[in-house]
Amino acid sequence: MFISALRTIWTILLHAFHKRETVLYPEQKPYLPPRWRGRIVLTRDPDGEERCVACYLCAAACPPDCISLQATEDEHGRRYPEFFRINFSRCIFCGYCEEACPTFAIQLTPDFEMGEYNRQNLVYEKEDLLINGTGKYPGYNFYRVSGLEIGGKGKGESINERPPVDTKSLLP
Amino acid sequence: MSLWLNIIGILFGTVTVAALLIWLERRLLGLWQDRYGPNRVGPFGILQVLADMIKIFTKEDWVPPFADKPVFVIAPAIVMATVLISFAVIPFAPSIGIVDMNIGLLFFLGMSSLGVYSILLAGWSSNNKYSLLGGIRSAAQMISYEVFMGLSLVGVVALAGSFSLRDIVAAQIKMWFFIPQILGLFVFIVAGLAETRRLPFDLPEAESELIAGFHTEYSGMKFGMFFVGEYIGIILISALIVALFFGGWLGPILPPLIWFVLKTFVFVCFFVLLRAALPRPRFDQLMSYGWKVMLPLSLLNLVVTGAAVLAMNGL
């Protein structure tokens with residue numbers, strides 16, 4: 001018992017020369033994996049339009065109910081959120097909104113440095129959330145692959161889509 | 001005049017060093033646990049002490065309504081007072097030291113016995129079962145470890161022929177006493193650890209079992225006094241180890257005070273190392289270790305030393 005205590009003391013003493021485990025954070029940034037669930041952004045499609053179609057699925061999936069939005073339509077029939085608000089003082093960064101999103105609009109990013117002195121500053125509006133890129137899915141454009149008819153794109157003009165069959169014609 | 005200078009210097013010196021020890025211990029623990037410890041506030045984080053002091057002075061100083069108030073208030077003062085008074089007999093250098101008593105060592109032992117009252121009264125007056133358990137543990141621990149703490153020092157006294165710490169240091173000019181008294185040194189270190197309630201023997205606190213033991217109900221500067229008292233206790237025990245076994249201020253080239261401080265510093269670091277390395281024993285293990293191992297060891301040391309001293313003096 002006494003010998004093992006001495007050995008322990010010696011081993012611990014040698015630890016003075018080991019490499020430190022601590023990451024000196026503000027000077028030395030830690031590696032964050034690309035799938036890190038951090039600050040939430042709203043992405044745009046490759047044409048630079050908002051991807052969000054205001055379907056409310058993210059708000060429905062959100063466990064602490066921190067997402068709030070209002071759907072509206074433009075003159076072409078394209079849906080978009082009139083406002084989109086995330087209260088990050090409630091957000092638990094679970095990523096359910098990203099999983100629920102049918103258009104890859106809402107995405108979580110590897111950034112956690114969101115500290116604020118004023119709680120109200122943690123409520124992010126749409127202009128704070130929107131970014132100018134496509135995020136994780138570069139080529140994806142919801143309105144190019146969906147069958148929906150909106151201004152500038154008729155029925156059957158989407159990618160991988162044939163023109164609709166004219167059921168009243170007898171021609172093959 | 002020079003006496004007052006000594007008193008004020010030693011008082012402020014010890015209290016300041018004890019406060020700095022909080023920082024030193026955290027840095028050293030970090031060093032041995034592959035971390036850094038507090039390194040943000042000021043150079044090397046040394047101003048952490050100041051930040052901690054500001055914090056602890058501005059905390060609410062609360063006395064629980066169920067406590068025995070006068071005893072509750074006086075308990076932390078006792079621990080500070082007894083360890084600080086013990087410093088009166090420590091010879092820092094030939095000319096530095098408050099009083100040279102011919103019973104200096106006994107004075108220290110008496111004061112350290114009185115220190116137990118602080119812990120016991122704190123545990124009792126808190127009127128809380130965990131505090132009481134801590135107080136009872138400390139009483140049992142101190143009583144059993146004080147027995148062989150005294151016995152382990154008798155060998156040194158026999159070799160030096162005096163209870164005065166100055167005479168004991170002076171008697172080590174030829175050979176430091178840790179060579180003939182290696183067993184006594186070992187027993188004294190263990191007893192000293194138990195006496196200061198440091199980590200392998202911190203059963204009165206035992207935060208994993210008793211919340212914080214005897215100082216569960218304490219807050220603010222009353223808690224701080226227990227804390228500082230513990231650190232002054234570490235310095236005291238280290239200084240005594242140096243004075244009794246490692247030649248006190250004796251040493252080449254450097255001035256005596258520097259030698260004393262350096263040696264004491266090494267032992268303070270050693271105490272922190274023990275905290276980093278050793279786990280806390282169970283209470284029954286602590287007691288059986290004390291009575292079945294340390295007491296026979298110190299008695300053996302006493303008998304051998306006595307025989308050797310007798311033989312050298314030519315019967």
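## Briefing on a predicted two-chain model

Buried residues make up 15% of the 172 residues in chain A, whereas in chain B the buried residues account for 44% of 315 residues. The model is a predicted one, and every value below is computed from its atoms. Chain A comes to five helices and five strands, while chain B comes to 11 helices and zero strands. The two chains meet through 11 residues of chain B in contact with 11 residues of chain A, and part of that meeting is a packing of helix 1 of chain A with helix 10 of chain B.

**Chain A: overall form**

- Followed along the sequence, the elements of chain A come in the pattern α-β-α-β-β-α-β-β-α-α, and the radius of gyration of this chain is 25 Å, well over the 16 Å that the globule rule gives for 172 residues, so chain A is more spread out than a compact globule.
- The C-alpha trace of chain A spans about 100 × 45 × 30 Å along its principal axes.
- Of the contacts in chain A with a separation of 6 or more, 69% are between residues 24 or more positions apart.

**Chain A: the sheet and its hairpin**

- Three strands of chain A form an open sheet in the order 2-3-5, and the pairing in this sheet is antiparallel.
- The edges of the sheet are held by strand 2 (67–73) and strand 5 (123–124) of chain A, each of which has a single partner strand, so one side of each is left without a neighbour in the sheet.
- Strand 2 of chain A pairs with strand 3 (residues 79–87) of chain A over seven bridges in the antiparallel sense, and A:Gln70 has A:Phe83 of strand 3 as its bridge partner.
- Strand 2 and strand 3 of chain A also form a hairpin, with five residues between them, and A:Gly77 in the turn has a positive phi of about 85°.

- A:Tyr56 is a residue other than glycine with a positive phi, near 70°, and A:Tyr56 is found in the loop between strand 1 (40–42) and helix 2 (57–61) of chain A.
- With 15 other C-beta atoms within 10 Å, A:Tyr56 is partly exposed.
- A:Phe104 likewise is not a glycine and has a positive phi, of about 55°; A:Phe104 is placed in the loop between helix 3 (96–100) and strand 4 (106–108) of chain A.
- A:Phe104 counts as partly exposed because 18 C-beta neighbours are inside 10 Å.

**Chain B: overall form**

- Read along the sequence, chain B has the pattern α-α-α-α-α-α-α-α-α-α-α.
- The radius of gyration of chain B is 20 Å, which agrees with the value near 20 Å that a compact globule of 315 residues would have.
- Taken along the principal axes, the C-alpha atoms of chain B fill a box of roughly 65 × 45 × 45 Å.
- Residues 24 or more positions apart make 77% of those contacts in chain B that have a separation of 6 or more.

**Where the chains meet**

- On the side of chain B that touches chain A, the elements that give two or more residues are helix 1 (2–32) and helix 10 of chain B, and the largest share, four residues, comes from helix 10.
- Sorted by class, this side of chain B has eight nonpolar, one polar and two charged residues.
- Helix 1 (residues 2–14) of chain A packs with helix 10 (residues 256–277) of chain B at an angle of about 105°, and the axes of the two helices are 9 Å apart.
- Angles of 65 to 115 degrees count as roughly perpendicular, and helix 1 of chain A and helix 10 of chain B are therefore roughly perpendicular to each other.
- To this helix contact, helix 1 of chain A gives A:Thr8, A:Ile9, A:Ile12 and A:Leu13, and helix 10 of chain B gives B:Leu273, B:Leu274, B:Ala276 and B:Ala277.
- The residues of the contact of helix 1 of chain A with helix 10 of chain B are seven nonpolar and one polar, with no charged residue.

Conventions: Residues are numbered from 1 along each chain as its sequence is written. Chains are lettered from A and ligands numbered from 1 in the order in which they are written. This is a predicted model: local features need pLDDT of at least 70, side-chain atom pairs count only at pLDDT 80 or more; totals for chains, interfaces and linings use all residues. Axes are lines fitted to C-alpha atoms, for helices over the stretch in contact, and angles run from 0 to 180 degrees between N-to-C directions. Angles under 35 degrees count as roughly parallel, over 145 as roughly antiparallel, 65 to 115 as roughly perpendicular and the rest as oblique. Two residues are in contact if their C-beta atoms, placed from the backbone, lie within 7 Å. Ala, Val, Leu, Ile, Met, Phe, Trp, Tyr, Cys and Pro count as nonpolar, Asp, Glu, Lys and Arg as charged, and the others, Gly among them, as polar. The radius of gyration is taken over C-alpha atoms; the globule rule is 2.2 Å times the number of residues to the power 0.38. A residue is buried if 20 or more other C-beta atoms lie within 10 Å of its own, exposed if 12 or fewer, and partly exposed in between; C-beta atoms are placed from the backbone. Two strands pair if DSSP finds at least two bridges between them.
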